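The following note sets out some points on the model under review.

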Amino acid sequence: LCKQVEQLSQTMPRDVADQVTQDLSTFVMEVTKEQPRRKWYELSAEGLIEAAKSCAGMASPVITTVKDILNLLT
């Protein structure tokens with residue numbers, strides 16, 4: 001996911017890429033905790049998915065990976 005988001009952010013305006021990077025950081029930090037905070041990782045996941053949708057070529061891989069990670073948490 002980190003590599004996918006890195007590629008995705010290279011195609012975005014700087015301010016949007018910065019937000020996507022922050023969403024990724026929060027998402028990774030939360031999902032790797034012993035007791036992740038659901039609201040935080042879900043909000044970050046939504047941000048990543050929305051960003052991916054804006055870049056058609058990267059949408060599918062990023063969305064699929066985020067959803068796979070969310071499925072592991074439930």
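**Notes on the predicted model**

1. Residue T26 lies in helix α2, which spans residues 14–31. The structure discussed here and below is a predicted model. The relative accessibility of T26 is 12%, and T26 is therefore classed as buried, the cut-off being under 20%. When neighbours within four places in sequence are set aside, the contacts of T26 are with W40 and S44.

2. Helix α2 also packs against helix α1, which covers residues 2–9. The two axes come within 9 Å and cross at roughly 170 degrees. Because angles over 145 degrees count as roughly antiparallel, α1 and α2 are therefore described as roughly antiparallel to each other. On the side of α1, the contact is made by C2, V5, L8 and S9, and on the side of α2 by A17, V20, L24 and V28. Classified by residue type, this contact of α1 with α2 comprises seven nonpolar residues, one polar residue and no charged residues.

3. Regarding the cysteines, a search of the whole structure returns zero disulfides. C2, which takes part in the contact between α1 and α2, is in no disulfide, and its nearest cysteine sulfur, belonging to C55, is 17 Å away. C55 is likewise in no disulfide, with the sulfur of C2 as its nearest cysteine sulfur at 17 Å.

Notes. Residues are numbered from 1 along each chain as its sequence is written. This is a predicted model: local features need pLDDT of at least 70, side-chain atom pairs count only at pLDDT 80 or more; totals for chains, interfaces and linings use all residues. Side-chain values use heavy atoms; hydrogens and water are left out. Helices (H or I, at least four residues) and strands (E, at least two) are DSSP runs, numbered from the N terminus. Buried means under 20% relative accessible area, exposed over 50%, partly exposed in between (1.4 Å probe, protein chains only). Contact means heavy atoms within 4.5 Å. Axes are lines fitted to C-alpha atoms, for helices over the stretch in contact, and angles run from 0 to 180 degrees between N-to-C directions. Angles under 35 degrees count as roughly parallel, over 145 as roughly antiparallel, 65 to 115 as roughly perpendicular and the rest as oblique. Ala, Val, Leu, Ile, Met, Phe, Trp, Tyr, Cys and Pro count as nonpolar, Asp, Glu, Lys and Arg as charged, and the others, Gly among them, as polar. A disulfide is a pair of cysteine sulfur atoms within 2.5 Å.
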